[in-house]
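Subject: Structure handover

Hello,

Here is the structure for you to look over. My notes on what turned up follow below it.

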Amino acid sequence: MKVELSHIYKSFGNVKANQDISMTVEAGSVYGILGENGAGKSTLSKVLSGFITKDAGKILLDGIEVDIKTPADAICAGIGMLHQDPLDFPSLSVFDNFMAGRSTLSKKIGRKRVNTNNRHDLIKELRQLCAAFGFDLHPSDRLSNLTVGERQQLEILRLLSLGVKTLILDEPTTGISASQKKALFTAVKQLASEGKSIIFVSHKLEDVEELCDRLMVMRQGQVIGEAEVKGRDSAELASSLVEMMFGHDLAIPAKHSTSIEQTAPALVIQDLQIDGDRLSLQIDKLTVQSGEIIGLAGLEGNGQQLLLLACAGLLKPKSGKICLNDLDMTNRAYRNFLKSGIAYLPADRLQDGLIRGLSIHEHFMLRQSNAKSNLESNPKSHAGFLINWSDTRKYTHQAIETFNIRGKPSTRVEKLSGGNQQRTQISLLPDQLSLLLMEQPTRGLDIESTLWIWKQMMERCEQGMSILFISSDLDEILQYSDRILVFCGGRVSQPIDAKTLTVDKLGQAIGGKFD
Ligand SMILES: Nc1ncnc2c1ncn2[C@@H]1O[C@H](COP(=O)(O)OP(=O)(O)OP(=O)(O)O)[C@@H](O)[C@H]1O
């Protein structure tokens, strides 16, 4: 199905998220949309998939104008979107999720309603689709037991079974393993070869280069340019896309390396056992030097998060010891972990890191009151309970400038783009930290924000802060870690010097092939 967007406009208050966007996606092709955080890519995808109503402009499918006001309208017109954060029902089974939306849409799209008579046929259809794409999904499994990659696979199959001919994939490679990415790309190429049109929204130049036939670059709500992808020299393509995305070249830093021999141990873990819902994690000994960066690699749900939560004081270990700067922190309250200079940056910025509904200014007010309450636990302190709003406003303005956050003090955090939410989280960290625990620190972020975040982190490490971080991006783990721990089914490797690893070797270790 050929998809044409013609002169699309969409504003949120003063923010012009899409200004005069036109693009054409030919049937049987993969079309990339690239752009910095906040460029307007998700807004455009949501306009096409009916999650947002456009202010002006036209959508044409195979040359015929369509009126899309809701996601149901979009599905009926043959357009489906795979969202960055899956919009599914974790407490239901794989099959029930496969069925989601079908009863409401069945009449419009001419499919059978689900009842006990055709349940058997529909399970057969799910199995056939899985076989066609090489996905290993079991209808009776609970969705919450699946990885993000498997949930994406199921959503693609659900959309295909609803008759979708145009598939929009919003940042689909964040949070999935290398093998799942391979399976996803094979499926996408297969769909394009069957005549479907694919719109691929991404920040990752290598993914776009591998998958797309053509692409468009957006910046500040506008189209900056279009480019053919196939047959281009990789380095030349990357440099011209970066120039289009950011308006200037980006200096890619050399591989990080700390001279850890000269530093003191910051974190020492001994005979640690942590019990999670699904697995138990055992670490005999781990010593993290001051200023060191340790990457935690592994498929999602293999114990990396248990270690971070225990080190943050958010999960009590079953046995063993956690010491920070020679202080035994085991079984101490969370506030003691905070006071000792440990901070945790969660992957889900809006769910666990920031507070929906509160502005950037209100977040700084909370940070200040938290710092005050820490002071007040000191009997010599005479700090009052009142918050000085004008001081925090001044401080918020400064932080917005220093951390280059695209938003105003009054902007509610859920209205910020992903990159700006992460910049806000980082700007709220205490100035002095001994240990920072980060989960997927650059998930969904553009290259410039990614480089900026790691520059901030490495500057802090030079001052002595240590980092443990989880990332599903193997390149990121190899680029920024001094040493790497590989997690597989609750087993943890010895720390491996990052300089001795390649993406392939690390991928194999993640698959259970420890040396
Ligand atoms: N519901 C909303 N209300 C107010 N402003 C919004 C809303 N959704 C998006 N925006 C703003 O519109 C602009 C474009 O956002 P959009 O999410 O489309 O960008 P993006 O290119 O997808 O960014 P990212 O790569 O970070 O996901 C941003 O300034 C964002 O803050």
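Start with helix α1. Lys41, Ser42, Thr43, Leu44, Ser45, Lys46, Val47 and Leu48 are buried there. That is 8 of the 8 residues of α1, so the helix is largely enclosed by the rest of the structure. After α1 comes Gly50, with a positive phi near 80 degrees.

Bear in mind that this is a predicted model.

**Ligand site**

α1 also matters for the ligand shell: it gives the most to it, with 3 residues. In total, 16 residues surround the ligand. The closest are Phe12, Asn37, Ser42, Thr43 and Ser417. Two or more residues each come from β2 (15-25), α1 (41-48) and α15 (418-427). By type, the shell holds 5 nonpolar, 9 polar and 2 charged residues.

**Confidence**

How far does the predictor trust the chain? The mean pLDDT is 87. Of the residues, 90% reach 70 or more. Strand β4 (residues 56-61) has the highest confidence, at a mean of 97. Helix α4 (residues 102-109) has the lowest, at 65. Where pLDDT is low, the predicted coordinates should not be read in detail. For the complex, the predictor gives an ipTM of 0.98 and a pTM of 0.76.

**Domains**

The chain is divided into three pieces:

- domain 1 covers 3-246
- domain 2 covers 252-341 + 432-515
- domain 3 covers 355-416 + 423-429

The C-alpha centres of domain 1 and domain 2 are 33 Å apart. Their contact takes 14 residues from domain 1 and 14 residues from domain 2. On the domain 1 side, the touching residues divide into 5 nonpolar, 7 polar and 2 charged.

**Cores**

Which residues have the most contacts inside the largest nonpolar core? They are Leu167, Ile198 and Phe200, in a core of 62 residues. Helix α7 (residues 178-193) gives the most to this core, with 6 residues. Take Ile198 as an example. Leaving aside neighbours within four places in sequence, Ile198 is in contact with Val30, Tyr31, Leu167, Leu169, Val188, Leu191 and Ala192. Another core lies apart from the largest one. This other core has 57 residues, among them Ile269, Met438, Leu468 and Ile470.

Best wishes

Methods. Residues numbered from 1 in each chain as written. Predicted model: local features only at pLDDT ≥ 70, side-chain atom pairs only at ≥ 80, totals over all residues. pLDDT = per-residue confidence, 0-100. Helix = DSSP H or I, 4+ residues; strand = E, 2+ residues; numbered from the N terminus. Near = placed C-beta within 6 Å. Nonpolar A, V, L, I, M, F, W, Y, C, P; charged D, E, K, R; others polar. Buried ≥ 20, exposed ≤ 12 C-beta atoms within 10 Å, placed from the backbone. Core = buried A, V, L, I, M, F, W, Y, C linked by C-beta atoms within 7 Å. Contact = placed C-beta atoms within 7 Å. Domains from an automatic or database assignment.
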